Amino acid sequence: MEKMTDSTNEEVAAVSEDAVSAKKKNVKIDPVTGQVVRGFWQEELHRLKKHRSIIWFVLPALSLVILFGYVPMVGMLIAFRSKFNVYMGGGIAGAWASGTWSLENFALIATDPRIGLALKNTLLINFFGLLITFPLPIICALLLADIKSAAMSKFVLIVLCLPNFLSWTMTVGIWANVMSPTDGMLNNFLCDIGILKEPFDFFGSNPWFKPLVIFLKVWKGTGWSSIIFYAAIASIDKSFFEAATLDGASKFQKILWITLPTIVPVIGLQLIMTVTYIMSVGLEQLMAMYTAETKHEQFTVDTYLYEISIQDKTNAPLATVLGIVNGLIALFLMLGGNAISKKLLRTSLW
C-alpha cells in the first residue's frame, strides 16, 4: 500500500509540475485531468523529443524507405513530359531534354479505346472475385476454429496454406494439366460420366477465362488469407462460448452472436485492404495463363500497363500516367474505406 501511495504521489507531482511549466509557457491545460493539451504536430514533436534516444534504431529502416519508396517518386515527372525515350541516345538527360512540359499524356490515356476494355475486364474479375474470395477465408477460419483438436486444426491450416507458396507458373501448370483437353483428369472424368461428349479446352475458352482466374485465386490464397481471421477467432475469450452453451445456444447462434461481431473490426480492415487493390488483377497470374485464344479476355489494366511500358519501350510517359492514376485510385479507396471504418466500426488502419 505504501509503495502504491508513493507511486501515485509521484504521478500527481509529475502532472502538477507539467501543469506549472505549462502555465509558464502559456500552454492549454485540461481542467479535468490537469494534463497539457497539445495540437497534433505539438504532440508529435513532444513524442519525438521524449523518445529521441531510440530514434537511431529507426534510421536504417527510414533510410531504406526514403531510398526505395520516395526517391523513385521523382520519376512521376515523366508523366508530364511530351516525350521521354532513353533509347534515342543521350541517356536520361537526353531523354528528358527531348520533350516539353505537357498534359497530353493524360488525354491520350483517357481517349485510348483500349482503356475501356482494360477497365471492364479488370473490374469484372475483381468485383466477382471479391464476392467469392473475401467470404471464403472467413468461412474457412470459422470451420477451423470449430475443430476440437488443436493439433488437427493447425495441420489442416498448414495444408490449406501450402498452395500459397507455389508460384503462379506452377499453379497454372498444375491446373492446366488437370484440365488438359488431351489427357487431363477432369476432361476424362467428365467424358466418362457423360457430362461432356468430347474433351473441352477450359484454358483456351473465352467464357471460362474469368471464372478460371477467380478459381485459381481461391485455390491459391484462401488458406493463407484465413490465418488472420483464425487468429482473431482464437483470441476471443472462451468464457463467452461457455456462457452461451449454458444458455442453450447452438453452434450457429454462437457464430452469429459472438464470433462474427467480435471479429467485425478485422473483417472491416481486411476488406479495406482488398478493395484498395481493385484496379489490379495480378500480372504474374495473367501472364502464366496467357493463350492466344483468350487474349481479349486477358486484357486488363495490368497487361495494358505491361504492353505500353515493357513491350513498347517508347511509351514511358503513358505508362507513368497509368501508374499514377492507379495509385491515386488505390489511395482514395483506402482513405475512403478507412474513414467509413472509423465512423461505423470505431477502428481504422491508423
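Modeller: Happy to. One term before we start: helices here are DSSP runs of H or I, at least four residues long, numbered from the N terminus. Also, keep in mind that this is a predicted model.

Colleague: Good, thanks. So which helix gives the largest share of the lining of the largest pocket?

Modeller: That's helix 11, with ten residues. Helix 6 and helix 13, which covers 251-276, also give two or more residues each to that lining.

Colleague: And how much space lies in the largest pocket?

Modeller: About 880 Å³. It is lined by 29 residues.

Colleague: Which of them lie nearest its centre?

Modeller: Thr133, Lys217, Gly221, Ser225 and Thr274. By class, the whole lining divides into 15 nonpolar, eleven polar and three charged residues.

Colleague: What about the second largest pocket, how much space is in there?

Modeller: About 630 Å³. There are 21 lining residues, and Ala145, Asp146, Ile147, Ile233 and Phe241 lie nearest the centre.

Colleague: Which elements give two or more residues to that lining?

Modeller: Helix 7 (135-145), helix 8 (150-161), helix 11, helix 12 (238-246) and helix 13. Helix 7 gives the largest share, five residues. The lining of this second pocket has twelve nonpolar, three polar and six charged residues.

Colleague: Changing topic: at what angle do helix 6 and helix 11 pack?

Modeller: At about 40°, with their axes 10 Å apart. Helix 6 spans residues 113-133 and helix 11 spans 206-234.

Colleague: Nice link! And how do helix 6 and helix 16 cross?

Modeller: Their axes come within 8 Å and cross at roughly 140°, so helix 6 and helix 16 are oblique to each other too. Helix 16 is residues 301-311.

Colleague: Which residues of helix 6 meet helix 16?

Modeller: Arg114, Ile115, Ala118, Leu119 and Thr122. Across from them in helix 16 are Val301, Tyr304, Glu307 and Ile308. The classes in this contact are six nonpolar, one polar and two charged.

Key. Residues are numbered from 1 along each chain as its sequence is written. This is a predicted model: local features need pLDDT of at least 70, side-chain atom pairs count only at pLDDT 80 or more; totals for chains, interfaces and linings use all residues. Side-chain values use heavy atoms; hydrogens and water are left out. Axes are lines fitted to C-alpha atoms, for helices over the stretch in contact, and angles run from 0 to 180 degrees between N-to-C directions. On a 1 Å grid over the protein atoms alone, a cavity is a set of points where a 1.4 Å probe fits but cannot get out, and a pocket is an open set with protein on both sides within 12 Å along at least five of seven lines; lining residues have an atom within 4 Å of a point. Grid points are joined across faces, edges and corners, and a volume is the space filled by probe spheres set on the points. Ala, Val, Leu, Ile, Met, Phe, Trp, Tyr, Cys and Pro count as nonpolar, Asp, Glu, Lys and Arg as charged, and the others, Gly among them, as polar. Angles under 35 degrees count as roughly parallel, over 145 as roughly antiparallel, 65 to 115 as roughly perpendicular and the rest as oblique. Contact means heavy atoms within 4.5 Å.
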